[in-house]
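Dear colleague,

I am passing on to you the structure shown below, together with a short account of what was found in it. Please read the notes alongside the sequence and the coordinates.

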Amino acid sequence: MFAAASYLPQASSIAADVDWVFDLIFWVCTAFLAIIVGVAGVFVIRYRARSYRPDAEPAPTHNNRLELTWTAIPLALVFVIFGLSTAVYFRMVRAAPNAAEVQVTARKWSWWFDHPEGKGSPELHVVAGRPVELVMASNDVIHSLSIPAFRVKQDVVPGRYTRLRFTPTAAGRYPIYCTEYCGRDHSAMRTEVVVHADAADYQKWLERSAYEDSMPLAEVGKKVWEERGCKSCHSLDGTPIKGGGPSFKGLWGKTETLSSGKSVTVDENYIRESILDPRKEIVLGYGPIMPPTPLEEREIRGIIEFIKAQK
């Protein structure tokens, strides 16, 4: 068969079933297209105007058997496709025992995954052969998490939780996309799912620090700025980003006027408060668009040092 697997890996337990239904629909549509175009071609040639046939030939106006046939065959195919696709869907959404539950947070324009052992990461890490259940929420607008190699996709909606279940089967790295338009940097809202070959390899990743102890704090801050969605709203060159926040360039030590009319100096305490409770003190001219961003203490210190460096 045609098989979507010819250009996409089948990296989950449900992928082959999804491809099979897709191929069935594809070949049914191809067969009907060929039949309809073929019959239309024959009729065009057979009944084209001729000098010896100026008028249309007599034709039947009604045929019960023919009409029942061309109604029954497509209807039967629709029921077959419905039954097969529904069976695949139920296998896709069925909860597996002992599934690893990962908390997923979507925001403009980044993903964050809190794994069951407590480690957070901008990438999703799972083990081949171990069922996974993603519990997903959005901090702002509707997003949609799609993993084409697994043949799974689910909307992520603000104000409620949605779930996505799958079992990865092949070790490797596979792209994750947002497939619901969510604003300016929608196309950049990409990350990866890392499928570890076994539990031992996954454990090594768990024990590895996201930031090496020797990494300077400013480098930690840059990494946070890149991975946690900060760069989508805060530029480094002084250029304002439409719908975003103040640029980091020259921000340190600056006196800002707040929407409440008060003034504040951008220092360690103000930056820390702006990260943990961003809607408490909003700079005049900007909206309350930034969601609370839970960071580790070293990450907050890193952001502070990173902002200091943007002179």
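An open sheet is formed by 5 strands, which follow the order E3-E2-E1-E5-E8 with mixed pairing. Strand E3 (120–121) and strand E8 (162–166) lie at the edges, each pairing on one side only. Please note that this is a predicted model.

The partner of E8 is strand E5 (residues 132–138), and the two pair in the antiparallel sense over 5 bridges. Within this pairing, Glu133 has Arg165 of E8 as its bridge partner, while Met136 stands opposite Thr162 in E8.

The side chains of E8 alternate along the strand.

Helix H4 (residues 217–227) packs with helix H6 (residues 297–308) at an angle of about 100°, and their axes are 7 Å apart. Because of this angle, H4 is roughly perpendicular to H6. On the side of H4, the contact is made by Leu217, Ala218, Val220, Gly221, Lys222, Val224 and Trp225. H6 contributes Arg298, Glu299, Arg301, Gly302, Ile303, Glu305 and Phe306. Sorted by class, the contact of H4 with H6 comprises 7 nonpolar, 2 polar and 5 charged residues.

With kind regards

How values were computed
Residues are numbered from 1 along each chain as its sequence is written. This is a predicted model: local features need pLDDT of at least 70, side-chain atom pairs count only at pLDDT 80 or more; totals for chains, interfaces and linings use all residues. Side-chain values use heavy atoms; hydrogens and water are left out. Axes are lines fitted to C-alpha atoms, for helices over the stretch in contact, and angles run from 0 to 180 degrees between N-to-C directions. Helices (H or I, at least four residues) and strands (E, at least two) are DSSP runs, numbered from the N terminus. Angles under 35 degrees count as roughly parallel, over 145 as roughly antiparallel, 65 to 115 as roughly perpendicular and the rest as oblique. Contact means heavy atoms within 4.5 Å. Ala, Val, Leu, Ile, Met, Phe, Trp, Tyr, Cys and Pro count as nonpolar, Asp, Glu, Lys and Arg as charged, and the others, Gly among them, as polar. Two strands pair if DSSP finds at least two bridges between them. Buried means under 20% relative accessible area, exposed over 50%, partly exposed in between (1.4 Å probe, protein chains only).
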